[in-house]
Structures are given as structure tokens and as C-alpha cells.
Amino acid sequence: MKTTLNIFAWFLAVQIMGCSTLVLKPVDFSWPIEVALQPDGKGNLREARYQLSFNVKALFFAELQDSASVSKHTLHVLRDQAGYFFITAKGFKNVYVFRHGDGTLSLQKKIFVSEKGLDAPALNQRAPYISLINEKRGNEAPILLTKDGIAEGGKK
């Protein structure tokens, strides 16, 4: 009986060790520079280098209440170290932060950045932040963003 219990305990220990999750870390998901992409007439945005594609009609409707003219706009997209996507465009008042899921991008945060709308937005990687520059207003300080909003000490 004692031998049977020892064998059972040994098999149980092997099973528990075999079920442990393999974790690779640290991981840096960030892109070195933003991508500026124009959607097609159906609202699909494709970026070949990073194998990214998604439809932006809902985003344009949320920001501009217009999803019919998406192909006239250029979206600025950048991914941070944790894998969050920061997305904005000329005329947007907000920067949208998305997290990838199972075949989806889910809105995590909508960050208000401009009352008048951005003139010429540019996103830059400034780890641990994403820096938003409105290029036509060059004298403005960059806005430092995180997935949670404007960083403490960053321009508000």
C-alpha cells in the first residue's frame, strides 16, 4: 500500500511540474517608429512590415461621426513596450489606446489631447512613454502618454 502511495505521489508531482506555464520575459513589443497609414475605401488599414491589419470605420465614427471618408485620412499608429497601440490622425481631438485580444483591438483608453483637433500629429517612442508632437505647432512641448493617459509631469 505504501509503495502504491509513493508511486501515485511521484506521478502527481511529475504531472504538476509538466503543467507549469512557460514564460519568456522580458519582452519589448514596441515599434521603433510610428507608421502613417491611409485606409482603403472600405476602411481597412494594412501594415505589411508588422503584419497588422484592421478596420477603422468605427474609430472614425467615434471621433468624427463620419465613417464614409476614411480613405481621405492618414492614421498614425505606434505600439509601446507593453504591446498597446496608440492611434490618432489629423483633426482628431483624442489619442486612442488599444490592446490586442483574440482577433480584436479593444479600446483601453481615449486620451483627450486637443480642443481644436491635431494639425499634424506625430507619435514617437520615448520609453517608457509615447510622445505626441503636433508638428505644425512646433513650439508646443510634446505630450507624454502612457496606456493610462497623460503622464505626470507631461503637458496637460
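Predicted model: local features only at pLDDT ≥ 70, side-chain atom pairs only at ≥ 80, totals over all residues.
1. Pro-26 sits in the loop between H1 and S1, where helices (H or I, at least four residues) and strands (E, at least two) are DSSP runs numbered from the N terminus. A cis peptide bond joins Lys-25 and Pro-26, with omega about -5°. There is also a cis peptide bond between Ala-127 and Pro-128, with omega about 10°. Pro-128 belongs to the loop between strand S8 (121-126) and S9.

2. Residues are numbered from 1 along each chain as its sequence is written, and side-chain values use heavy atoms, with hydrogens and water left out.

3. Now the overall layout. The protein chain has two helices and eleven strands, and along the sequence the pattern reads α-β-β-β-α-β-β-β-β-β-β-β-β. Buried residues make up 35% of its 156 residues; buried means under 20% relative accessible area, exposed over 50%, and partly exposed in between (1.4 Å probe, protein chains only). Of the contacts (heavy atoms within 4.5 Å) with a separation of 6 or more, 41% link residues 24 or more positions apart.

4. The largest nonpolar core has 31 residues. Such a core is a set of buried Ala, Val, Leu, Ile, Met, Phe, Trp, Tyr and Cys residues joined through side-chain atoms within 4.5 Å. Leu-75, Val-77, Phe-86, Val-113, Leu-132 and Leu-145 touch the most other members. Among the elements that give two or more residues to this core are strand S1 (35-37), helix H2 (57-64), strand S4 (75-79), strand S5 (85-89) and strand S10 (143-146). Not counting residues up to four places away in sequence, Val-77 touches Trp-31, Glu-34, Val-35, Leu-45, Phe-85, Phe-86, Ile-87 and Leu-123.

5. Next, the aromatic rings. Rings of Phe, Tyr and Trp (its six-membered ring) pair if their centres lie within 6.5 Å; planes under 30 degrees apart count as stacked, over 60 as edge-to-face and the rest as tilted. By this rule the count comes to four aromatic pairs. The rings of Trp-31 and Tyr-50 have centres 4.1 Å apart and planes at 5°, so this pair is stacked. Trp-31 lies in the loop between helix H1 (2-18) and S1, and Tyr-50 in the loop between strand S2 (44-47) and S3, so the pair ties together parts that are 19 residues apart in sequence. Trp-31 is buried, at 5% relative accessible area, whereas Tyr-50 is partly exposed at 24%. Together with Phe-85, Trp-31 and Tyr-50 form one aromatic cluster.

6. Phe-92 and Tyr-96 make an edge-to-face pair, 6.1 Å centre to centre with 80° between the planes. Phe-92 is buried at 0% relative accessibility, and Tyr-96 is buried at 2%.

7. H2 gives the largest share of the lining, three residues. By class, the lining has ten nonpolar, one polar and no charged residues. Here Ala, Val, Leu, Ile, Met, Phe, Trp, Tyr, Cys and Pro count as nonpolar, Asp, Glu, Lys and Arg as charged, and the others, Gly among them, as polar.

8. Gln-108, in strand S7, is partly exposed at 42% relative accessible area. Gln-108 and Asp-148 are 40 residues apart in sequence and 8.2 Å apart in space, C-alpha to C-alpha. Arg-46, in strand S2, is exposed at 55% relative accessibility. Leaving out residues up to four places away in sequence, Arg-46 touches Leu-37, Asp-40, Leu-52 and Ser-53.

9. Finally, some backbone angles to look at. Gln-51 is a residue other than glycine with a positive phi, near 55°. Gln-51 lies in the loop between S2 and S3 and is exposed at 70% relative accessibility. Gln-65, also not a glycine, has a positive phi of about 55°. The loop between H2 and S4 holds Gln-65, which counts as exposed at 55%.
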